[in-house]
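Hi,

Here is the structure I promised to pass on. Have a look at it first, and then read my notes below.

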Amino acid sequence: MNFQDSKAGKALSTRLDHRNPLVFDTHELGRRPGAMLRLTREIEAPGAPGTFGIEGVIGVPQGAPVELEIRLESVMEGVLVTGTARASAEGECVRCLEPLELELDADFQEMFSYPDADDRGRTAEPADDAGESPEDEDRLYLEDGMFDLEPVLRDAVVLALPMQPVCQDDCPGLCSQCGVRLADDPDHHHDAVDIRWAALQGLAGTIQDGEKDEMSGAEADAGVDEKQEK
């Protein structure tokens, strides 16, 4: 089997399922350079929790609606896919730990190459005995005229999300001493104690407690003596 037959076999033995909402068919677009097709589609965020986001920080919840606006352009070497994904991401403020939600616009662009063409639209030739070009590992290919947008969309969403989300830009966070949310109590504070005097204050408190005990004992003794005199 020569290289072209191998590539053709790869294209025919597609792993993509046209019923998957993130799989797109380009047959209607055709291969004439300059042809363009615009698509809109609403899908549910796929995968396990954390797939469309930064796990444990922020992301688009599994099953949440994602609106897609996509433009397909036919070029010499394949199909250029450009688009925007819109969704609501949920997470936790890194300062005060309160739940938050933000509207997300994630832009993306990716080239899906024809399996039988190089960068100049010509029939590709193998670069080694394995029958694969060194660039194959970095390229995304059309499979039987279809492509899977999920890995491209996942990367775009992650890049569009804040690494340290906050509920508001000026969120004061939590009190470092007691953990109260400072935005709920702007006047919250603790009396500052100079650690150099903390030991003396403790000693003073001990002395005061001792003096109180002595006074209580003296008062008790005086009461007993007074009863005896009577």
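Two strands count as paired if DSSP finds at least two bridges between them. Keep in mind that this is a predicted model.

Strand E5 (residues 65-75) runs antiparallel to E6, and 9 bridges join them. E5 and E6 make a hairpin with 2 residues between them. Then there's E7, which pairs with E6 over 15 bridges, again in the antiparallel sense. Look for Thr 84, which stands opposite Asp 107 in E7. E6 and E7 form a hairpin as well, with 6 residues between them.

How many of the 15 residues in E6 are buried? The count is 11, so E6 is mostly covered, with buried meaning under 20% relative accessible area.

Leu 97, in the turn between E6 and E7, has a positive phi of about 70° although it isn't a glycine. Its relative accessibility is 46%, so Leu 97 counts as partly exposed. Asp 144 isn't a glycine either, and its phi is positive, near 55°. You'll find Asp 144 in the loop between strand E8 (140-141) and strand E9 (146-148). At 35% relative accessibility, Asp 144 counts as partly exposed.

Cheers

Definitions and conventions. Residues are numbered from 1 along each chain as its sequence is written. This is a predicted model: local features need pLDDT of at least 70, side-chain atom pairs count only at pLDDT 80 or more; totals for chains, interfaces and linings use all residues. Side-chain values use heavy atoms; hydrogens and water are left out. Buried means under 20% relative accessible area, exposed over 50%, partly exposed in between (1.4 Å probe, protein chains only). Helices (H or I, at least four residues) and strands (E, at least two) are DSSP runs, numbered from the N terminus.
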